[in-house]
Amino acid sequence: MADGKEVASPQIFVLSGKRKSGKDFIAGKLKCAFGCDKCNIIRLSGPLKREYAKQNGLDFDRLMDSTTYKELYRHKMIGWGEEKRNADSYYFCRLAVEMILAENCGENLSLPKPVWIISDARRKTDVRYFKESYDNVVSVRINASEETRRSRGWVFTPGVDDAESECGLDNEIFDVVIQNDGDEQQLEKNLNYLRTYACSS
């Protein structure tokens, strides 16, 4: 796929947020809200971790989950990923889209699912890629207090939490901001709003 507009344009939600803000949790909630048969979750970290695991003899599946395993390699992966992005800022975005389209073809689907959730945008170029390549894109920031993030296991790590991978979107203006500190009622209102937003886009 040379350009995202070569296929029917899906409704895309581009999620970003700090570590332990709950990006994967919100992505899962959104997928359930739209219907698993209508929604793909696309992780930009997927192709990065797959290639890094291959080159270093690591367990790809464990790098993709939320355990401490990936934290052992996060710093080196960040540096390796930066080298790739410096050469081509859209490199991992394109690979992630190609991966999900290939999976769809494996399911004998002629078109991609109508809703895509990008669960882990980290840089302005990540958001820019989707907004430039597709028509219906909503940028969503997931926020959580430091106290909440610490309760989920977050510990400030120099070289990670002060790197571009965590801070690159700090000053970005988002279409929707969700505060994810455990208020289920407010979260449900936010999810309902995103469903409405999708219908009106």
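Predicted model: local features only at pLDDT ≥ 70, side-chain atom pairs only at ≥ 80, totals over all residues.

Visitor: What volume does the largest pocket have?

Guide: About 700 Å³. Its lining has 33 residues, and those nearest the centre are Lys-23, Lys-49, Lys-70, Arg-74 and Arg-122.

Visitor: Which elements give two or more residues to that lining?

Guide: Helix H1 (23-34), helix H2 (45-56), helix H4 (74-87), strand E3 (115-121) and helix H8 (164-167).

Visitor: And how does the lining of the largest pocket split by class?

Guide: There are 18 charged residues in that lining, along with 8 nonpolar and 7 polar ones.

Visitor: Which elements put two or more residues into the lining of the second largest pocket?

Guide: Strand E2 (39-42), H2, helix H3 (60-64) and helix H5 (91-106). The largest share comes from H5, with 4 residues.

Visitor: Let me jump to Ser-45. Where does Ser-45 sit?

Guide: Ser-45 is in helix H2.

Visitor: Is Ser-45 buried or exposed?

Guide: Buried, because its relative accessibility is 16% and the cut-off for buried is under 20%.

Visitor: What does Ser-45 contact, leaving aside neighbours within four places in sequence?

Guide: Met-64 and Asp-120. You've already met Met-64, which is in the lining of the second largest pocket.

Visitor: Switching to the inside. How many residues are in the largest nonpolar core?

Guide: The largest nonpolar core has 20 residues, and Ile-12, Val-14, Phe-130 and Tyr-134 have the most contacts inside it. At least two residues each come from strand E1 (11-17), H5, E3 and helix H6 (124-133).

Visitor: Which element gives the most to this core?

Guide: H5, with 5 residues. Another core, of 18 residues, lies apart from the largest one, and its members include Phe-13, Ala-27, Val-138 and Val-176.

Visitor: Now cysteines. How many disulfides are there?

Guide: The count is 0. Take Cys-36: the nearest cysteine sulfur belongs to Cys-32 and is 5.0 Å away, and a disulfide needs the two sulfur atoms within 2.5 Å, so Cys-36 is in no disulfide.

Visitor: How accessible are Cys-36 and Cys-93?

Guide: Cys-36 is partly exposed, at 44% relative accessibility. Cys-93 is buried, with a relative accessible area of 1%.

Visitor: Last bit, the whole chain. How many helices and strands are there?

Guide: The protein chain has 9 helices and 5 strands. Along the sequence, the pattern runs β-α-β-α-α-α-α-β-α-β-α-α-β-α.

Visitor: And what percentage of the residues are buried?

Guide: Of the 201 residues in the protein chain, 47% are buried.

Visitor: What about contacts between residues at least 6 apart in sequence: what share join residues at least 24 apart?

Guide: For the protein chain, 77% of those contacts do.

Key. Residues numbered from 1 in each chain as written. Heavy atoms only, no water. Buried < 20%, exposed > 50% of the residue type's maximum accessible area, 1.4 Å probe, protein only. 1 Å grid on protein atoms, 1.4 Å probe; cavity = no way out; pocket = protein on both sides within 12 Å on 5 of 7 lines; lining within 4 Å. Points joined across faces, edges and corners; volume = space filled by probe spheres on them. Nonpolar A, V, L, I, M, F, W, Y, C, P; charged D, E, K, R; others polar. Contact = heavy atoms within 4.5 Å. Core = buried A, V, L, I, M, F, W, Y, C linked by side-chain atoms within 4.5 Å.
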